[in-house]
Amino acid sequence: MKYTDYVDLHYKPKKTDLVCFFYMEPARGVKIKKAAGAVASESSIGTWTEVTKAPKRIDKLAAKVFSIHKNYVKIAYPSVLFESSNVPQILSSIAGNIFGMKIIKNLKLLDIELPENIIKAYIGPRFGIHGIRKILGIKNRPLLGTIIKPKLGLNEKEHAQVAYHAWIGGCDIVKDDENLSSQPFNKFLKRVSLTLKARDFAEEFTGEKKVYMPNITAETKEMLRRARFVERHGGRYVMVDIISCGWSALQTLREVNQELKLVLHAHRAGYAAFSRNPKHGISMLVVAKLARLIGIDQIHIGTIIGKMATPKREVVDLDQEMEKSFVGKSEHLLEQRWYHIKPVFAVCSGGLHPGHVPYLVKQLGKNIIIQMGGGIHGHPLGTYAGAKAARQALLAVKEGKNLKEYAKEHLELKKALEFFK
Ligand code: CAP
Ligand code: MG
């Protein structure tokens with residue numbers, strides 16, 4: 001088959017097709033139709049030339065370009081091309097060789113629509129939003145989390161102490177940072193034991209449920225050993241860097257978690273390497289959908305504010321499609337019904353402080369986790385006061401009060417608002 005044979009603008013995708021939505025710029029002098037056909041070919045059954053003696057029946061497995069609108073292209077893939085329950089294989093097809101083809105100048109996988117027959121093979125999140133709310137006993141507000149800072153360098157005891165202060169100040173969740181695993185100055189096993197003990201004390205002190213999310217990111221077998229250790233020591237949660245660990249490790253973790261029953265927090269460190277360019281790579285939306293499909297319970301989504309916010313773009317501003325799809329809706333994207341796959345918490349993080357809380361809740365609703373690292377531990381009066389300020393901000397919003405007004409009677413919040421501008 002020639003590249004253009006993969007284009008059929010009259011084709012109506014079947015219910016069983018997997019559909020990809022791409023932004024595409026052909027190389028100089030190449031027509032978009034040919035470039036789109038090339039992408040459909042390379043990501044399904046084809047190569048750069050025709051395979052002369054190939055059995056004719058194979059043509060039926062070809063992906064079909066069924067829509068081209070300016071630089072936006074939709075391609076339908078017969079689901080038989082994909083192995084059941086194998087996310088790496090899906091990505092090797094629809095997000096593999098095609099990014100390097102010379103017929104293409106730029107190519108971004110913006111979104112994927114998975115058919116029910118593919119989704120059926122996955123179990124999805126064990127807890128999701130409702131399960132997590134049940135564990136924490138929090139019904140009607142966003143959850144408040146912090147990341148221990150400094151992100152590296154504290155020893156195990158110091159780490160547990162900072163966690164304790166954050167919890168008693170008002171945080172529901174304390175998590176490790178993405179690059180803390182088990183370094184000589186802070187070993188995983190000791191840190192987890194001490195921090196879980198601190199959690200128990202904090203629960204006793206506050207009468208609230210508290211959770212700790214140790215970062216189990218490591219080689220897969222070691223990661224599973226660490227997850228088991230957390231479970232044996234009474235932990236309820238683990239966190240994993242899903243991009244650096246990889247999809248295959250995540251699938252393994254989710255499978256083992258059927259027995260461990262831990263909440264899975266997904267950190268997305270590294271995603272921007274392929275996501276930030278608005279014209280080339282894979283969107284965060286695709287990453288989040290696949291992570292939800294496999295079964296993480298909560299995932300970082302970024303925010304339009306904060307240290308990770310990308311500057312405004314003039315050309316194709318689609319890199320923040322994830323956030324856009326959240327904004328102004330009664331429910332955010334990861335909450336939407338998706339067959340048997342439970343809704344997951346969106347985690348807002350990166351450069352946030354108490355002053356951001358009203359904006360976040362207004363834009364994204366209550367089913368979010370608001371995390372502040374520097375925004376809590378950088379409070380002029382320290383971690384305890386920082387956590388108090390963050391919780392006060394949440395309470396103000398819950399009670400429908402103006403933050404500045406509320407701060408008049410809440411010293412910690414007042415200081416935070418003056419300090420973080
Ligand atoms: C937040 C954070 C996260 C970022 C990553 C950090 O800390 O833990 O790694 O949120 O960005 O260390 O940067 P701060 P994103 O609150 O101190 O910024 O959530 O966009 O993936
Ligand atoms: Mg971090």
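At 5% relative accessibility, arginine 199 counts as buried, since buried means under 20% relative accessible area. Its salt-bridge partner is aspartate 200, and the closest N and O atoms of the two are 2.9 Å apart. Aspartate 200, at 38% relative accessibility, counts as partly exposed. These values come from a predicted model. The chain in that model has 421 residues, of which 56% count as buried.

**Overall build**

- The chain is made up of 17 helices and 13 strands.
- Its radius of gyration is 23 Å, close to the 22 Å that the globule rule gives for 421 residues, so the chain is as compact as a globular protein of that length.
- Taken along the principal axes, a box of roughly 75 × 45 × 35 Å is filled by the C-alpha atoms of the chain.
- Among contacts with a separation of 6 or more, 77% are between residues 24 or more positions apart.

**Salt bridges**

- Another of them joins arginine 141 to aspartate 172, with the closest N and O atoms 2.9 Å apart.
- This pair links distant parts of the chain, as the two residues are 31 residues apart.
- Arginine 141 sits in the loop between helix H4 (128–136) and strand S5 (143–147), while aspartate 172 sits in the loop between helix H5 (156–169) and strand S6.
- Both arginine 141 and aspartate 172 are buried.
- Lysine 401 forms a salt bridge with glutamate 399, and here the closest N and O atoms are 2.9 Å apart.
- Lysine 401 has a relative accessible area of 44% and is partly exposed.
- Glutamate 399 is partly exposed, with a relative accessible area of 44%.
- Glu25, Lys105 and Lys279 are joined into one network by salt bridges that share partners.

**Nonpolar cores**

- The largest nonpolar core has 111 residues, and those with the most contacts inside it are Phe22, Tyr77, Leu109 and Ile299.
- Helix H11 (residues 284–294) gives the most to this core, contributing eight residues.
- Domain 1 (3–119) and domain 2 (128–419) each supply at least three residues to this core.
- Leucine 109 is in contact with residues including Cys20, Phe21, Phe22, Ile94 and Phe99, leaving aside its neighbours within four places in sequence.
- The contacts of leucine 109 also include Gly281, Ile282, Ser283 and Val286.
- Another core, of 15 residues, lies apart from the largest one, and among its members are Ile129, Leu136, Ile173 and Phe345.

**Helix H2 and serine 93**

- Six of the eight residues of H2 are buried, so this helix is largely enclosed by the rest of the structure.
- The buried residues of H2 are Val87, Gln89, Ile90, Leu91, Ser93 and Ile94.
- The elements that cover these buried residues include strands S1 (18–26), S3 (72–77) and S4 (104–113).
- Helices are part of the cover too, including H3 (116–119), H9 (247–260) and H11.
- Serine 93 is found in H2, which spans residues 87–94.
- At 15% relative accessibility, serine 93 counts as buried, because the limit for buried is under 20%.
- Not counting residues up to four places away in sequence, serine 93 touches Ser43, Phe82 and Ile98.

**Magnesium site**

- The protein donors of the magnesium ion (ligand 2) are Asp177 (OD) and Glu178 (OE).
- These donors lie 1.9 to 2.0 Å from the ion.
- Aspartate 177 is buried, with a relative accessible area of 3%.

**Lysine 187**

- Lysine 187 is placed in the loop between strand S6 (173–175) and helix H6 (188–206).
- Its relative accessible area is 43%, so lysine 187 is partly exposed.
- Lysine 187 touches Glu156 and Ser182, when residues up to four places away in sequence are not counted.
- Lysine 187 and proline 142 are 45 residues apart in sequence and 31 Å apart in space, C-alpha to C-alpha.

Key
Residues numbered from 1 in each chain as written. Chains lettered and ligands numbered in written order. Predicted model: local features only at pLDDT ≥ 70, side-chain atom pairs only at ≥ 80, totals over all residues. Heavy atoms only, no water. Helix = DSSP H or I, 4+ residues; strand = E, 2+ residues; numbered from the N terminus. Buried < 20%, exposed > 50% of the residue type's maximum accessible area, 1.4 Å probe, protein only. Contact = heavy atoms within 4.5 Å. Salt bridge = Lys/Arg side-chain N within 4 Å of Asp/Glu carboxyl O. Donors = N, O, S within 2.8 Å, 3.2 Å for Na, K, Ca; no water. Core = buried A, V, L, I, M, F, W, Y, C linked by side-chain atoms within 4.5 Å. Domains from an automatic or database assignment. Rg over C-alpha atoms; globule rule 2.2 N^0.38 Å.
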